[in-house]
Amino acid sequence: MRRLAPLVLGAMLAVFASAWAVEPSEMLKDAALEARARTIGQALRCVVCQNQSIDDSSAEVAHDMRRAVRERLTAGDSDDQVFAYMVARYGDYVLLKPPFKMSTLVLWLGGPLLLIVAGSALLVAAHRRRQQSPTSPQPLTAEERQRLDALLKP
Amino acid sequence: MSRRLLFLLPLMTLALMAGFFAWSLLVGRDPAAIGSVMVGRPAPRLDLPALAPGEPPLSDAMLRTGKPVLVNFFASWCAPCLAEHPLFMRLKEREGATIIGVAWKNKRDDATQWLKRLGDPFRTAGLDLEGKTGLDWGLSGVPETYAIDGNGIVRLHFRGPITERDLNESLLPFLKGAK
């Protein structure tokens, strides 16, 4: 029974994960088109629910957007054309993955840049420490030799 | 010397973050704001049946009359619409503004009754039962209001109910300034 627990949990998670807001009545009969619509729907952001995709949201607008995606696909649009259609109406806000442009430069490059800066700072620091504490001991000075001799004298 | 600087680094980071948060709070930055891509562009297509049976349908020509036009998306089931309604009555009666209404995802009878009960601020109103026109206009919900100049260019886009402040600071100056 114990051993079954992870399996049961896994199955439950799988059920939750596939709990889309996409209603059966919205789905396209063409399985290939519907699959494309799902991929697009998961990358489009519902405009009234912050950080949910339109496929996850049961908001009115999300429903309209799902329908529009399917209408565009049925009309023969490419995936990019469907994204362009949404961006023309709602701006970059609808894209869950923000595009790479001037205004998002910090967002895209900030992380890697910070990593490079911090990494090279660490390397430089490590390099300096190694130089400052050489492994080979320095020879004693004359004064030190005298003190040592005095200490070791029986 | 550099060791002391190293100890200050976390403090400096904290100060930087605190500064950013304080700025966000004070400036009133809203990360949830959708913004609008419509402002500065020609108004999207308007092609809707009239709310009142027998009236001519809404068309693009109504947005290009040489005079500014306000387009207000509303619904009888929408509480914020109720809140902003008196301001539209005032705009119509005192300022003589031309306002076009669009009942969004609203039953014809419900919207008609709502306007009959509260007063009708609209020159004419259309019915967008399925929300298709709303999508073309980049609508996120109701109420939303667009101010369109005489050439059919969208100049203002309000998401949510308009307030007294919006009226005084944006809408009235727009109506006075637009040709």
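**A core residue and a buried strand**

Guide: Apart from its neighbours within four places in sequence, Ala103(B) is in contact with Leu51(B), Phe74(B), Ala75(B), Ala111(B), Ala125(B), Leu127(B) and Asp128(B); contact requires C-beta atoms, placed from the backbone, within 7 Å. The model is predicted, so local features need pLDDT of at least 70 and side-chain atom pairs pLDDT 80 or more, while totals for chains, interfaces and linings use all residues. Residues are numbered from 1 along each chain as its sequence is written, and chains are lettered from A and ligands numbered from 1 in the order in which they are written.

The largest nonpolar core has 56 residues, of which Ala103(B), Met65(A), Tyr146(B) and Ile148(B) touch the most other members. Such a core joins buried Ala, Val, Leu, Ile, Met, Phe, Trp, Tyr and Cys residues through C-beta atoms within 7 Å; buried means 20 or more other C-beta atoms within 10 Å of a residue's own.

Strand β4 of chain B spans residues 144-148, and because 5 of its 5 residues are buried, it is largely enclosed by the rest of the structure. Strands are DSSP E runs of at least two residues, numbered from the N terminus. From β4(B), Glu144(B), Tyr146(B) and Ile148(B) point one way, and Thr145(B) and Ala147(B) the other.

β4(B) runs antiparallel to β1(B) (residues 69-74), joined by 5 bridges, with Val71(B) as the bridge partner of Tyr146(B). Another 5 bridges link β4(B) to β5(B) (residues 154-159), also antiparallel, and here Thr145(B) stands opposite Phe158(B). The hairpin of β4(B) and β5(B) has 5 residues between the strands, and in it Gly152(B) takes a positive phi near 85 degrees.

Technical notes
A residue is buried if 20 or more other C-beta atoms lie within 10 Å of its own, exposed if 12 or fewer, and partly exposed in between; C-beta atoms are placed from the backbone. Two residues are in contact if their C-beta atoms, placed from the backbone, lie within 7 Å. Helices (H or I, at least four residues) and strands (E, at least two) are DSSP runs, numbered from the N terminus. Two strands pair if DSSP finds at least two bridges between them.
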